[in-house]
Amino acid sequence: MLKNNIALFWLFVVCALAYHLPALTQNYYYYDDIGRNAIGYGYYDNTGLGEYADSGRPAAELLIRFMSGWIGRATDVMAIDLAPLTKLLSALSVAATAWIIYRKVMDHVSWVAFMVALSVVFSPWFIHCIQYSFDSVTMGCALLLTVLPFISQKNTKSWVFFFICYFISLCFYQLFLVSPFLIIVLILFKTWLEDGRINPKVQNYYGGVIISLLTSFIAYKAALMLFPIREYALIHSKMLTLSIILPAQVVTRMGHLMDVYFSPFYGVAGIILVGLYLLALTGVAAQAKTSGRSVWLVTMAHVIISVLVLLIALLPQALLREPVYAGRTMAGNQFVLLIWLFPLIYLRAAFFKHICVLWVVFFILMAALNAAITNAIRAQYNYEDRLLNVILNYPMHNVLPVSIKYIPPYNAKNKIWLRQAKNVRANFPYAQYVLHNTYILSTAVWATRQSQLYNREIVYWIGLDNNEFCQWPDKLVMQEFILYGKGDRRYVDFSKTACDGVK
C-alpha cells in the first residue's frame, strides 16, 4: 500500500478529514468572516478592487470571485459562504501537501515515514487557518503551491515552475513565505545524512531553486506596487528601522513568536514532542553509525540545524514592526517540526512500536486541541448572541432601541473579553494564540452581526465625561453588564464602573 500512490493519497485525505472534522462541521463565523459575510467584497471605494486585492492577495480575490459568481460583474456583491466546501478544499490541500512530502521529499517507503509526513496534516497551527469560512480555501491553496514544484523533474525548467507557484502562493496568502526554503533545508540535510556529502549537481540545482524563489518574491513585491494597499496590510508589512535598539526589538519579538510557536505544546503534548525528538536524535545516531561517521558530530549537526531552522522561520516575522501573534502565522513554520522529526525514518523496526504509541497519543492530543478550540468558539459565539439579544430586545417600556452606546472595561480598550473567553484562555492556555481574534465583541462585530439585522445604530463610547444616563430610572443589571434605558436610547456599561460615585 505504501507504494500505491492513489491509495496513499486517499489515506492522507481520510486522516485530514478526520482531524479537521470539528472545523468542517462548525456553523459559526470567525471574526473576519463576520465582516466578509455582512459587508461583502467586490468593487468598492471606486478603486475597482476588492478586499483581497488591496491586502496583497489578488489570487485570493480571483478565486473568491469565481466561487461566488462575481466574474464579469462590476458591482459590489455579497460573498457567497460555501463552507464547509471551502474548508473541505483546504483539508484536501493539506492532504495533498503531506502526500507530496512523503513521495518526493521524504522519499522513504515505510510507515514511520508516513507518520512523519502526517505531521503536516496534524498541524496544530493550521487549525486556525481552516476555521475561516471564506479564507480557509485560499490559505490551503497557498500551502499546496509551496510544495507543488517539488514534484517536478530536477532540471532548469523546474526553476520556472518554482517561480510561478511561489508567486501565486504569495498572491493567495503570505503565511507560507519560508516554507519552500525549509523544505529545501530538509532535502539537503537528508542527502547529507544518507550520502555523507551533497554533490555539486544537487547544490547547483537547489541553488538555482533558491534564486528562483527569491526572484519570485521580489516580483511579487514589485507587483504589489500596482495595487492601492490598504492601511492594515501596510501596518503589518512594515519592517523595523535600523537603529541602536534594533537587536533588542528583534529579540523581544522573537521571544513572543517562540511563545506562539510552542503554545500548542504546553503540558503533555510538549512532553511527547520532546520524546519524539529524542527518538529522532537516536535515528540520526543510527544513520551516522551505519554510514561510519562520528555519531557525536552528526547528532550535534541535527541539533544545531533544528535550532537554526526555527530561528530562520521566525526571523522574517521578528523583523516586522507590527507582527501578528496568532496561530495562523505559524502555519508555514510547520515544516520546522518536519525537519526535527524526519530522522525517525532511520530507526530499526523494533523502535516502531514506541514511535507509534507516542505518535498516536501526540495526535490524539492535537485532535483534542482541535475539538476544544472549535467547541470553545461555538460556546463563545452562542454566549455573545445571548448578550446581544438581551441588549437589543429587552423591553424597557416596550420600546426597542434606535441607538445603543456601550462602555467597555477600562483595560480592554476597544475589545471586550467576556466570560467564555476568559474561561477558555484560563483552561486552555496553550491555545491562546490559536484563538486569536476569535473572542472579540467590538464595534465591528456588533455592526456586522446584529445591528444590520435589527437596524440599530451601535456606537463605541468611553463614557468618562457624560454620566447623564446614570440618573435614568430604567436599569437592567446582569453579571456581565449594566443596561441603562430611556425611551429608545440604551447605554451598556460592561465595566460596571461608569456610574461609580454618581448619586
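**Labels and the values behind them**

Mentor: Start with a pair of helices: α6 and α16 cross in a right-handed sense.

Trainee: What makes a crossing right-handed or left-handed?

Mentor: Look at the near helix. Turned clockwise from the far one by less than a right angle, it gives a right-handed crossing; anticlockwise, a left-handed one. Here the label is right-handed. The contact takes in Val116, Ala117, Ser119 and Val120 from α6, with Gln334, Phe335, Leu338 and Leu341 from α16. Contact means heavy atoms within 4.5 Å. This is a predicted model: local features need pLDDT of at least 70 and side-chain atom pairs 80 or more, while totals for chains, interfaces and linings use all residues. Numbering runs from 1 along each chain as its sequence is written, and side-chain values use heavy atoms, leaving out hydrogens and water.

Trainee: What do you call α6 and α16: roughly parallel or roughly antiparallel?

Mentor: Their axes cross at roughly 165° and come within 9 Å. Axes are lines fitted to C-alpha atoms, for helices over the stretch in contact, with angles from 0 to 180 degrees between N-to-C directions. Under 35 degrees is roughly parallel, over 145 roughly antiparallel, 65 to 115 roughly perpendicular, and the rest oblique. So the pair is roughly antiparallel.

Trainee: Why are α1 and α6 called oblique?

Mentor: Their axes cross at roughly 45° and come within 11 Å. That angle falls among the rest, so the label is oblique. This crossing is right-handed. From α1 come Leu8, Leu11, Phe12, Cys15, Ala16 and Tyr19, meeting Trp111, Phe114, Ala117, Leu118 and Val121 of α6. By class, that makes eleven nonpolar, no polar and no charged residues.

Trainee: How do you know what counts as a helix or a strand?

Mentor: Both are DSSP runs, numbered from the N terminus: a helix is H or I for at least four residues, a strand is E for at least two. The protein has 19 helices and five strands.

Trainee: Is Ser90 buried or exposed?

Mentor: Buried means under 20% relative accessible area, exposed over 50%, and partly exposed in between, with a 1.4 Å probe and protein chains only. Ser90 has 0%, so it is buried. It sits in helix α5 (residues 85–106). Beyond four places in sequence, Ser90 touches Phe126, Ile130, Ser136, Val137 and Gly140.

Trainee: Is Asp107 buried or exposed?

Mentor: Its relative accessibility is 55%, over the 50% line, so Asp107 counts as exposed. Asp107 lies in the loop between α5 and α6. Its phi is positive, about 50°, although it is not a glycine.

Trainee: What makes α4 largely enclosed?

Mentor: Nine of its eleven residues are buried, so the rest of the structure largely encloses α4. Among them are Glu61, Leu63 and Arg65. These buried residues pack against α5, α8 and α9 (156–172). Across the protein, 53% of the 503 residues are buried.

Trainee: What makes a set of residues a nonpolar core?

Mentor: The members are buried Ala, Val, Leu, Ile, Met, Phe, Trp, Tyr and Cys residues, joined through side-chain atoms within 4.5 Å. The largest such core has 116 residues; Phe12, Phe335 and Trp340 are among those that touch the most other members. Helix α14 (residues 268–290) gives the largest share, ten residues. A second, separate core has eleven residues, including Leu387 and Val492.

Methods:
Nonpolar A, V, L, I, M, F, W, Y, C, P; charged D, E, K, R; others polar.
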